[in-house]
Amino acid sequence: MAPPSDFPAPHIIQPIKSHHHTIIALHGRGSNGPDFADDLSEDKSSKGMTIAEHFPHSKWIFPSSPKRHSTIFQEDMDQWFDIYSLTDPSTQEELQIEGLRDSIKHILDIISKEVESVPPSNIVLLGISQGCATAIHALLAGQYRLGAFIGIAGWMPFHKHIADLSKLYGDTLQLTSTSRSQTNYATPALLCHCTDDDIVEINLGHQLCDALMAPGLNMDITFKEFAKGGHWIPAPVGFDAIVDFLRSRSLD
C-alpha cells in the first residue's frame, strides 16, 4: 500500500478573490496535477474566459498521483491505479484494487482538510479519464454531499459491484478507516464525453451514467455528449456546459 508520503503535494491555485469554494481536480493517467492545471487554463468558454476566471472565488486543488507500475506498459508511470484494459476495464480487475484504495483515501483526506475552510456544499470534485474513475469512487465512499461532481471522459471501475457498495468498499477495497453515508449520493453530477473519444470510448461513459442513476444511488446526473473533442473537453461548448452547470449550483 502506498503511504500518504508517496503522493506528491497537490498543486494549488489560490482564488482570485475571497475564498468561497474549492474545486478538487484529478488528472488522467500519464499526467499530473500541474500539467492538468496548465491544460485547463489553455481553453476558454464562449465568453473568452478560462474556468478559473469564471469562478474567481474558487480555490483549485490539483492532486498528483504517485508513480505506479503499469502491468500493460511494463513501466512506472503517473497513474491513480493500475489497469489492464480500457476496452474492458473489468479485465484483471484485481490489478486496480491497491492503487484505487490508496487514491480514494488520499482524495478523502484532501476533502476532510478542505471542509475545515468551506462547507462540503461549496466543494466540487472533478476528474478526467482515470481521474474521473478515481474521483467518483472517492465521492461514493465518502461522507459528504458535495456541491457538485464533474466527470470528463470517464468510466466506473468495478461497475458490476455497484449494487453492493458496502461489500465493494469494505471487503474488496478494504476502506475500513473511511466514514460512509448516503447523503453523498445527493451530490449533483455532470458527465461529459465525446463520441470520438478513442481512449475511453463513450459506451463506458454511458455505463458510468447508468451505474450512478441505478436504484440504490439514484443520483441527479446531467450527461453531455459532444460529437468532437476526443479525450478532452471541446472548447468552447464543453467549457460552457461546465460553467453553466456550476453556475446552476451557485458557484461564484
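1. Ser 129 sits in the loop between β6 (123-128) and α4 (130-141) of this predicted model. Its phi is near 55 degrees, a positive value in a residue other than glycine. Ser 129 counts as buried because its relative accessibility is 7%, and buried means under 20%.

2. Phe 158 also deserves a look. Its phi is near 60 degrees, again positive in a residue that is not glycine. The residue belongs to the loop between β7 (148-152) and α5 (165-172). With 3% relative accessibility, Phe 158 counts as buried.

3. A cis peptide bond runs from Ala 235 to Pro 236, with omega near 0 degrees. Pro 236 is part of the loop between β9 (221-226) and α7 (237-248). As background to these backbone points, most residues other than glycine have a negative phi, and most peptide bonds are trans.

4. Ser 18 is located in the loop between β1 (11-13) and β2 (21-26). Its side chain makes a polar contact of 3.1 Å with the side chain of His 20. Ser 18 has a relative accessible area of 41%, so it is partly exposed.

5. On the surface, a patch of negative charge is formed by Asp 35, Asp 38, Asp 39 and Glu 42. Glu 42 lies in helix α1 (residues 33-42). Is Glu 42 buried or exposed? Glu 42 counts as exposed, because its relative accessibility is 59% and the cut-off for exposed is over 50%.

Methods:
Residues numbered from 1 in each chain as written. Predicted model: local features only at pLDDT ≥ 70, side-chain atom pairs only at ≥ 80, totals over all residues. Heavy atoms only, no water. Patch = residues over 30% accessible without salt bridge, like charges linked within 9 Å, V, L, I, M, F, W, Y side chains within 5 Å. Areas by Shrake-Rupley, 256 points an atom, 1.4 Å probe, with all protein chains shown as cover. Salt bridge = Lys/Arg side-chain N within 4 Å of Asp/Glu carboxyl O. Lys, Arg positive; Asp, Glu negative; His and termini not counted. Charge placed at Lys NZ, Arg CZ, Asp CG, Glu CD. Helix = DSSP H or I, 4+ residues; strand = E, 2+ residues; numbered from the N terminus. Buried < 20%, exposed > 50% of the residue type's maximum accessible area, 1.4 Å probe, protein only. Polar contact = N/O pair within 3.5 Å; in protein donor to acceptor, adjacent residues only side chain to side chain.
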